[in-house]
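Here is a friendly walk through some strand pairings and the confidence of a model. Have the sequence at hand as you read.

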Amino acid sequence: MIEHPSFAVEEWNVREKGFHLDTLAQTESIFALSNGHIGLRGNLDEGEPHGLPGTYLNSFYELRPLPYAEGGYAYPESGQTVINVTNGKLIRLLVDDEPFDVRYGEIQDHERDLDLRNGVLRRSVCWTSPAGRTVKVSSVRMVSFTQRAIAAICYEVEPVDAELRIVVQSELVANEVLPAQSKDPRVGAALSSALESEEHQARGASGLLVHRTRVSGLRIGAAMDHHIQGPSETVVESESSPDVVRVTVTTRLQPGERLRIVKLISYGWSSIRSRPAIHDQVMAALSAARLTGWRGLLREQRAYLDDFWEHADVELEGDPEIQQAVRFALFHVLQAGARGERRPIPAKGLTGPGYDGHAFWDAEIFVLSVLTLTLPHAAADVLHWRQLILEKAKEHARELGLQGAAFPWRTIRGAECSGYWPAGTAAFHINADIAYAVASYIEATGDTTFEQEVGLELLVETARLWCSLGYYNPATDQFRIDGVTGPDEYSALANNNVYTNLMAQHNLRWAADVVQRYPEKALALEVGAEEVARWREAAEKMLIPYDERLGVTPQAEAFTDHEVWDFASTAPEQYPLLLHFPYFDLYRKQVVKQADLVLAMHLRGDMFTPEQKARNFAYYEPLTVRDSSLSACTQAVIAAEVGQLELAYDYLGEAALIDLHDLASNVREGVHIASLAGTWTVLVAGFGGMRVRNGSLYFAPRLPEALKRLSFNLLFRGRRLRVEVTATDATYRLLEGPSLKVCHHEEELLLPQGGVVTRPIAPIQAGPRPTQPPGRAPLPRGSARTA
């Protein structure tokens, strides 16, 4: 946990004052820059010291073996692992032969600032060398949203009180040596020297490296160029070797003089393009960036972000720390998906190597729920990627003896990379999660082209899976899905997991409806009337267990009959439980890693009455340990819905600050993109009460006492809507687009173009505040809030 007050609370900036070596790895993730294609960790310009060096390209990976003590049928034999590619961030500095290294000499001043408005990372340092020479160094770093292949750095050096001999070495470096990784299974495997050189060159102030991965055979090119401003006698030299290109700038500076270097870096990769093609691709990207220039890149970046914030910003009154956190969260969600362009959104985005750079179900359920209503084209891109790997998913289903598509639990390019099948392959709900994201996108955008060309096929093939994975039991007249793992990974191979069954039901119904809308397209997929009838029957007769004795919905069949975990004897240092107890013990007890049934109540709220939601929430709170970052945001949403507004507010703090405060003690491996997305979800779906039902927006807003005002923007079916909530009323403004019907606490409102409607908010009566397992209650926001 980041215990010292690292970050000043500001509306549009995350600023670190002073230098903190002990949290360097964590801040490298916090200050990471990305556009969904390129990811640069927030390493220091000079490269050392570092916590974990990192430069990543979306979907660029190497293969590694997945060893098993005992093999089994259909076990994946190799895994895909994101690798640290050519580092173009490096700019080393020598001051009168002394290397600029913050571990030596004396730091007079040090500040880093992630600017969420302008999309840049700034750094300023005043440093005195061991020899007593003082120099000011500043840098501004960006990864361009508008020029997908480009990153850029403006680096400036200025002497303070004496003439200095300055040498700057700007580099491209491949196959960096990485520090040893943790034994924590959540940490990605580090692969050393994964890149083989194919080309290197240096000419003037520019240089290029082309490499190829040893096993996966992917080719990457990285190039750089420099614009240098300094005294007339400045000397520029360059050299290259298979893994390093270096441009060296040497000069003398008097006090008041400054050396300014703008470094442009371009990246490109392909699994099929030739070495000359990759060479030309990265050089062409550099040429375009040179034409734009540094100031032009900054203007483009600001214009892009101005547009994004106009459509996506969330404003709060009453909690400045959460205001900062939600903008930080939205910025990282944007970075994860803005320019992915038919590639996945990994669990850590491109901010670190955690989880081997894999994408999971949380992209569709947590991240796309934000992007669909704020940056819809980015959500569509991820679903296009799912369609691109559909053939592999169908192959995987056939391997498992199933029909349709069985999407991988974790992957980069479509192959299953989970070596633990009870929490991997058995988590079939990922297929319904993808279908849910497809349906949500179609409902929110009305994009019929996407529905026909992408959505239909994904819905059909996932529906086919459920009809072969589950079965109809004539004795009970019910459709069952046995032996699966739901979102709660502490309960594997359960029968009729409610979340899975409800999401499969939604999948089946949507598939049947879309087939009915596009019969000719469906015919091309060989969908007949009998198959659609089977889907509808399976959905209608889907088994949803209920415990009459307790009056609650069991997470899965017989779950409420299990022994309750001995929470009283579990020490605080034994969390997360998966690192201290065998899965065998976890699987047979009532203990919940992350919201499961509670998530079902959020996504399929139409299947539960308000009374059932309140009873279920009260039952599962004392069982849920939140050993996953995906839990707090969901618990917050349902807490708000059942009237537990202060508890929801506490959970909001946990979701929003998971990275800024390093609450899970693992942000060094990358930020938690889904939890950050969940911050938006708590505010919009929790306190804003927003739901999409049958193609319409419904709101049931209520605020906790500390928040005086909440406002947020949504893009919905070609309209831009702004919602503002106070303790007493809610105001709906249709800023763009034709008239729109919305519901406020079940009252239908018609918003004309440019119209404004305000309605009162009635108070809600809530039951007693539920308790959590000992030591697992969220931190109270009231005592943590920054005034």
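L40 stands opposite T55 in β5. In this predicted model, that pair belongs to the contact between strand β4 (residues 38-40) and β5, which run antiparallel and are joined by three bridges. Both strands are part of an open sheet of three strands, paired antiparallel in the order β3-β4-β5. At its edges you will find β3 (33-34) and β5 (55-57), each pairing on one side only.

Now on to another sheet. This open sheet has five strands, again with antiparallel pairing, and their order is β21-β28-β29-β30-β33. Its edges are β21 (314-317) and β33 (756-760); each has a single partner strand, so one side of each is left without a neighbour in the sheet. On average, neighbouring strands of this sheet are turned by 15° against each other, direction ignored.

Inside that order, β29 (residues 719-726) and β30 (residues 729-736) run antiparallel and are joined by six bridges.

| Strand pair | Direction | Bridges |
|---|---|---|
| β4 (residues 38-40) and β5 | antiparallel | three bridges |
| β29 (residues 719-726) and β30 (residues 729-736) | antiparallel | six bridges |

How confident is the predictor? The protein averages a pLDDT of 96, and 97% of the residues score at least 70. Please take care with residues 783-787, where pLDDT stays under 50. For that stretch the model has nine contacts beyond four places in sequence.

Technical notes: Residues numbered from 1 in each chain as written. Predicted model: local features only at pLDDT ≥ 70, side-chain atom pairs only at ≥ 80, totals over all residues. Heavy atoms only, no water. Pairing = 2+ DSSP bridges. Helix = DSSP H or I, 4+ residues; strand = E, 2+ residues; numbered from the N terminus. Axes fitted to C-alpha atoms, helices over the stretch in contact; angles between N-to-C directions. pLDDT = per-residue confidence, 0-100. Contact = heavy atoms within 4.5 Å.
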